[in-house]
Amino acid sequence: MQKVQKFKTPRLQTNDEQWWRHPVINRRAWTWEDANNMRHNGEWWQHAVIYQISPLSFLDSSGNGMGDLQGIITKMDYIASLGVDAIWLCPVFEASMDDFGYAVTGMLDIDPLFGDLGDFDRLLDIAHTFGLKVLIDQVWNHTSDQHPWFVESRKSRDNEKADWYVWADPKPDGCSPPNNWVSAFMGKSAWEWDDCRQQYYFYNFLPSQPELNWHNPDVIDAVLSRAQFWLDRGVDGFRMDAVNFYVHDRELRDNPKRPEYVPLPDGIDPDNPMVDYLFRYNFCRPENLNALKPIRELVDRYSGVVTLGEVTLCEDSIDLSSQYVKGDDRLHLVYNSALLQDEPMTAAMMRRILQRIQIHFAEGGQCWIVGNHDYGRLRSQWTERAINGQPYPEEFYHMMAALLLCLPGAFCLYQGDELGLPEAKIPKDIPEDKIRDPFGKALYPQVPGRDGSRTPMPWDSSQPHAGFTSAEEPWLPIPKNHLNRAVDRQNSDPDSLLNTWRRLLHWRRGQPALIAGDFQLLETDERILGFVREYAEQRLLCLFNIGGDSVRYDLTENAECESVFGVECEIQSSGDAEHPSPGDSIVLPPYSCFFANLLSTERAEVEAAASEGESSEAREAKNSRTTSSNGRKSPSTA
């Protein structure tokens, strides 16, 4: 049997030649300890904001109705204007397009729909020139059924790739699938009969996406050799699709039925038939963690390269995903379903989530998502209605932008969410005969599918199809209510949500406490979420009123502070909105945020000790002074 060629040393550029990977921070100064006394050395990805791009829906440069790499290059200045650190490209490899890039037929070339390798290299060069890192999607748990590997595997039971996929005989009755595993997309058996081999093959998503056999070391070698191809080409990291789906149970045991008392998994539509069973044997296997070691070993040969894993569709996404970033032989970052809650957004809910994140992600590694190509848009989350039953006002989304960018860890911002695009509805915005998502087609109308968050970007409200394409029609319709949120309209409005995201992202870059600081939740009124981020001499007070009523917050315990960002707040006592003093309180308007620089812990202790010998007049004079000279009053985010 011919062996797969092992991955080799880099072929194109050495790390010394890849100038954009050189660190631009003083690592000696960029070191801190978290609340668990874990020591951290600064890496660009630890608190990065990553802009997720779905190339099909970004910008069409060829006139065929579908976006492409040249379209992304054309808009690179827009991406850079946001103030993000990196971009993540959804798959652009050769694919059957059954699942729009996630049914790969080849892993070493660009699909002609998007361009070619020359276009990809230009995109890399231009992104790096703008100071942007580039992550690419890697689909390693399955391939297309048109992939040469599977074409060979299905020919017989004894060819060189016969064991590269998961094959099994029927049950003793000669016709039933091997077990009760259910597809996440199809709502039926995850086994498909193949007449050629006279066996079933396993798929977790679509029948055209057979699962690779990660128990076979030849498969792992082949996958890693392809990963190295892109690392040598200069990518800065991988977003790893369905990383908790790599390894299946060798014994093919049935999943247990879900007892009524067991809660439903995070982020999954309760009408999806897969939730009828516990997620135990076809994915989320404990041995899946061992599969990460050779991946990390390869990636660590490249300075500054990051692995970002998708760990969703699991019983407890926070708990399981945290295991994927523990130690130095697994992933760097992981995102989960933590914020994908089917309940109104409240301070209590955020506090509950953050407390769990602090416990499970003691070593870091959390990457937050809300909007996503799989899980809907940010504007359509949390039931789309506040706890009072009313739709969230516009101020809510400005406040949430600030909140999401102040959480500890990295964050993925999905294209169009910076515009506040609502999710397209079926059949109102997308007629039933225009549904393109195979998941949506299979389970509609019980489950709406994913087309609603994949409609094209609206660039220019005055142009046909909002400037996305010159074709007669785009691959998915653009909802009419997206036009008034098009980029051209929001660019010129300083109070637009787009410009709020920009202000926040650029402001965030200058706040050491947000880039490298620890995190401490505060005891507050139940309507307020409050925490302090601290690094070196900066202690940043972050307050969020996640409700429809004004709320007072007492600053007595927070020493002197200076407002540096947020809404105009009413000050009760002797201070003012820019310079609240000890003993003051602020009144936060509905759905607003307030940020202030506090005395550093060390300085506060020194001044407290010194003040014991001071007169009351001297203390009063000190309380009226500001504690920071670099904070500036910024426009309202609401």
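**Spaces, helix contacts and backbone features**

The largest cavity in this structure has a volume of about 110 Å³. The model is a predicted one, in which local features need pLDDT of at least 70 and side-chain atom pairs count only at pLDDT 80 or more, whereas totals for chains, interfaces and linings use all residues. Residues are numbered from 1 along each chain as its sequence is written, and side-chain values use heavy atoms, with hydrogens and water left out.

Rolling a probe the size of a water molecule over the atoms shows where empty space is left. Here a 1 Å grid over the protein atoms alone is used: a cavity is a set of points where a 1.4 Å probe fits but cannot get out, a pocket is an open set with protein on both sides within 12 Å along at least five of seven lines, and lining residues have an atom within 4 Å of a point. Grid points are joined across faces, edges and corners, and a volume is the space filled by probe spheres set on the points. Over the whole structure, five cavities of 30 Å³ or more are found. Around the largest cavity stand Ser54, Pro55, Leu56, Cys90, Pro91, Phe100, Tyr102, Phe114, His373, Arg454 and Trp475. This lining comprises eight nonpolar, two polar and one charged residues, where Ala, Val, Leu, Ile, Met, Phe, Trp, Tyr, Cys and Pro count as nonpolar, Asp, Glu, Lys and Arg as charged, and the others, Gly among them, as polar.

The largest pocket holds about 1200 Å³ of space. It is lined by 49 residues, and those closest to its centre are Gly267, Ile268, Asp269, Asp374 and Tyr375. By class, the pocket lining has 20 nonpolar, 15 polar and 14 charged residues.

Most residues other than glycine have a negative phi, and most peptide bonds are trans. Phe100 has a positive phi, near 55°, and belongs to the loop between strand S4 (86–89) and helix H3 (117–129). Helices (H or I, at least four residues) and strands (E, at least two) are DSSP runs, numbered from the N terminus. Two cis peptide bonds follow: Ile426 to Pro427, with omega near 10°, and Tyr444 to Pro445, with omega near 5°. Pro427 lies in the loop between strand S13 (410–414) and helix H10 (438–443), and Pro445 in the loop between H10 and helix H11 (487–491).

The helices can now be considered in pairs. Axes are lines fitted to C-alpha atoms, for helices over the stretch in contact, and angles run from 0 to 180 degrees between N-to-C directions. H3 packs against H5 at an angle of about 50°, with the axes 11 Å apart. The two helices are therefore oblique to each other, since angles under 35 degrees count as roughly parallel, over 145 as roughly antiparallel, 65 to 115 as roughly perpendicular and the rest as oblique. Leu117, Phe120, Asp121 and Leu124 of H3 make the contact (heavy atoms within 4.5 Å) with Phe229, Trp230 and Arg233 of H5.

Helix H5 (residues 217–233) also packs with helix H6 (residues 292–299), at about 25° and with axes 11 Å apart; H5 and H6 are therefore roughly parallel. In H5, Ile220, Leu224, Ala227, Gln228 and Leu231 meet Pro294, Ile295, Leu298 and Val299 in H6. These residues divide into eight nonpolar, one polar and no charged.
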